[in-house]
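Here are a few exercises to work through with the coordinates open in your viewer. Try each one yourself before you read the solution.

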Amino acid sequence: MENKKLSILLKGIIKENPVLVLVLGTCPTLAVTTNMISAFSMGISAMIVLVCSNMAISALRKVIPDKVRIPCFIVIIAAFVTLVQMLLQAYLPNIYDMLGVYLALIVVNCIILGRAEMFASKNGVIDSALDGVGMGLGFTAALMAMALIREVIGNGSIAGIAIPGLENFKISLLMMSPGGFLTFGILMAIMAKVTGKEKKLDCGSCPAASMCGKTGEECKGGAADV
Amino acid sequence: MFKQMVIILMTSVLVNNYVLNKFLGICPFLGVSKKLKQAAGMSVAVIFVQVMATAATWPIYTFLLVPNNLKYLETIVFILVIAALVQFVEMALKKFIPSLYKSLGVYLPLITTNCAVLGVCLNNISDGYGFAESLVSALGCGLGFMLAMVLFAGVRGRMESSDVPKAFRGLPITLIAASIVSLSFYGFRGIIDNLFK
């Protein structure tokens with residue numbers, strides 16, 4: 001029993017890492033990883049929303065009618081996102097400004113809707129909370145790894161603190177948007193090399209998989225043919 | 001007035017491209033850009049929904065949320081409006097224009113969770129745009145999405161026939177190609193200042 005709980009918690013961090021393995025939530029991964037502080041705060045905000053919404057959805061899973069479950073999930077998630085927004089605006093206004101529109105966009109972050117659909121709507125409250133914590137930690141870890149590479153090489157600093165000796169060797173491309181794609185691509189290639197698996201998008205990473213209902217060959221709009 | 005509209009349009013298409021510069025709508029950009037026809041179909045659906053969503057959310061925010069001091073509800077209200085709108089557009093197309101539904105229908109459910117749509121609605125509010133400006137900006141960002149998708153579909157077509165190192169096959173090389181396409185858009189920096197100001 002203990003082992004099962006532990007494995008739910010741990011699988012999100014490495015085996016089913018939402019960013020590097022499931023390829024969910026690419027937008028914030030690319031957008032907020034120009035420095036460690038914003039990456040960390042984005043990861044933690046998403047984790048809080050994920051844990052809360054997972055628990056709420058899991059608790060309500062028998063009440064929510066199957067046909068309207070996606071709109072219901074979105075409302076629950078949006079409510080928690082608004083809560084986090086208000087808390088950050090009140091207590092950490094600097095971080096609120098730094099994350100900007102991406103904070104509100106946690107609503108459409110595929111990780112949260114994906115976990116609601118794949119896990120929370122089928123499992124108990126405690127398991128769902130653990131899944132949320134694990135996935136949240138995995139998301140935060142992946143964001144921090146991206147941010148570490150981009151900030152050290154692109155800006156010569158860690159979490160805003162300049163590293164002595166690097167000020168003349170900044171490759172500022174990494175701080176710009178092309179650098180986001182580049183770093184993410186190289187990280188994925190490293191993952192593919194290490195795990196020996198070719199990285200492809202499948203329906204599991206498609207935000208609309210649950211609404212679409214088409215798999216494999218039928219899947220026209222989705223990612224099955226990538 | 002007209003000049004300002006053109007500036008907003010050009011800025012959101014070329015300079016602040018939503019996909020390549022603001023990283024909004026990356027999922028469909030990576031997922032549906034394999035074939036030119038699909039990329040174009042998805043983009044048309046996005047342009048359509050984006051303009052409709054802006055036309056719906058801007059009045060709701062200005063005339064309903066602001067006077068009642070409910071600004072903090074914008075995230076919830078906007079996502080609900082977008083979800084309802086997408087559903088409604090899908091039903092309306094199915095009933096009245098079946099031929100258009102056949103070509104766009106498959107892309108519509110994907111759009112609810114497209115962050116570019118919610119992003120443009122929220123950005124229009126935070127940039128303080130008026131109604132007409134918001135519509136132009138939504139149109140521009142939709143066109144920018146289309147430009148990026150169509151260009152990238154061409155790039156991916158070329159990639160099919162090239163010999164990619166094993167670890168880079170699939171998604172990694174796609175991301176690196178996206179990085180180069182994004183870099184090329186940096187060439188448009190300054191175009192607005194030099195053309196219009």
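**Exercise 1.** Which residue meets A:Asp66 in a salt bridge, and is A:Asp66 buried or exposed?

*Solution.* This is a predicted model, so keep that in mind for everything below. Step one: look for the partner. The side chain of A:Asp66 meets that of A:Arg69, with N to O at 3.7 Å; the cut-off for a salt bridge is 4 Å, so the pair counts. Step two: check accessibility. A:Asp66 has a relative accessible area of 57%, which makes this residue exposed. A:Arg69 comes out at 19% and is buried, because the limit for buried is under 20%.

**Exercise 2.** Which helices does the salt bridge between A:Glu117 and A:Arg69 tie together?

*Solution.* Start with the distance: the closest N and O atoms of A:Glu117 and A:Arg69 are 2.8 Å apart. A:Glu117 sits in α7 of chain A and A:Arg69 in α4 (residues 69-91), so the bridge links parts 48 residues apart in sequence. Finally, A:Glu117 has 15% relative accessibility and therefore counts as buried.

**Exercise 3.** Which residue pairs with A:Lys11 at 3.2 Å, and which residues make up the network that holds A:Lys11?

*Solution.* Side chains of opposite charge can pair when their charged atoms come close. Here, A:Lys11 forms a salt bridge with A:Asp131, and 3.2 Å separates the closest N and O atoms. Second, the location. A:Lys11 is in helix α1 (residues 2-11) of chain A and A:Asp131 in helix α8 (residues 125-155), so the pair ties together parts 120 residues apart in sequence. Third, burial. A:Lys11 counts as buried at 17% relative accessibility, and A:Asp131 does too, at 1%. Fourth, the wider picture. The structure holds four salt bridges over all chains. Salt bridges with shared partners join A:Lys11, A:Arg115 and A:Asp131 into one network.

**Exercise 4.** Where does A:Asn109 lie, and what is A:Asn109 in contact with once neighbours within four places in sequence are left aside?

*Solution.* Find the loop between α6 (101-104) and α7 (110-120) of chain A; that's where A:Asn109 lies. With 4% relative accessibility, A:Asn109 counts as buried. Now list the contacts, leaving aside neighbours within four places in sequence: A:Gly25, A:Pro28 and A:Phe139.

**Exercise 5.** How many helices and strands does chain A have, and in what order do its elements run?

*Solution.* Count by type to get 10 helices and two strands. Walking from the N terminus, you get α-α-α-α-α-α-α-α-β-β-α-α. Chain A has 226 residues, and 50% of them are buried. As for contacts with a separation of 6 or more, 73% are between residues 24 or more positions apart.

**Exercise 6.** How many residues of chain B are in contact with chain A, and which element of chain B gives the most to that side?

*Solution.* Take the contact count to begin with: 46 residues of chain B touch 48 residues of chain A. Then the area: the two chains bury about 4,100 Å² between them, 76% of it on carbon and sulfur atoms. B:Phe23, B:Thr113 and B:Leu171 supply 17% of the area that chain B buries against chain A, more than any other three residues. Next, the pairings. There are zero salt bridges between chain B and chain A, while six residue pairs are in polar contact. The elements of chain B that give two or more residues to this side are α2 (26-31), α4 (74-96), α6 (108-111), α7 (115-126) and α9 (171-185). Of these, α9(B) gives the most, with eight residues. Sorted by class, the side of chain B that touches chain A has 29 nonpolar, 12 polar and five charged residues.

**Exercise 7.** How far does helix α1 of chain B reach, and what covers its buried residues?

*Solution.* α1(B) (residues 2-15) has 14 residues, and from first C-alpha to last it reaches 19 Å, close to the 20 Å expected at 1.5 Å a residue. Its buried residues are B:Met5, B:Ile7, B:Ile8, B:Ser12, B:Val13, B:Leu14 and B:Val15. Their cover includes α8 (131-160), α9 and α10 (191-196) of chain B.

Notes: Residues numbered from 1 in each chain as written. Chains lettered and ligands numbered in written order. Predicted model: local features only at pLDDT ≥ 70, side-chain atom pairs only at ≥ 80, totals over all residues. Heavy atoms only, no water. Buried < 20%, exposed > 50% of the residue type's maximum accessible area, 1.4 Å probe, protein only. Contact = heavy atoms within 4.5 Å. Buried area = accessible area lost by both parts, 1.4 Å probe. Polar contact = N/O pair within 3.5 Å; in protein donor to acceptor, adjacent residues only side chain to side chain. Nonpolar A, V, L, I, M, F, W, Y, C, P; charged D, E, K, R; others polar. Expected span 1.5 Å × (residues − 1).
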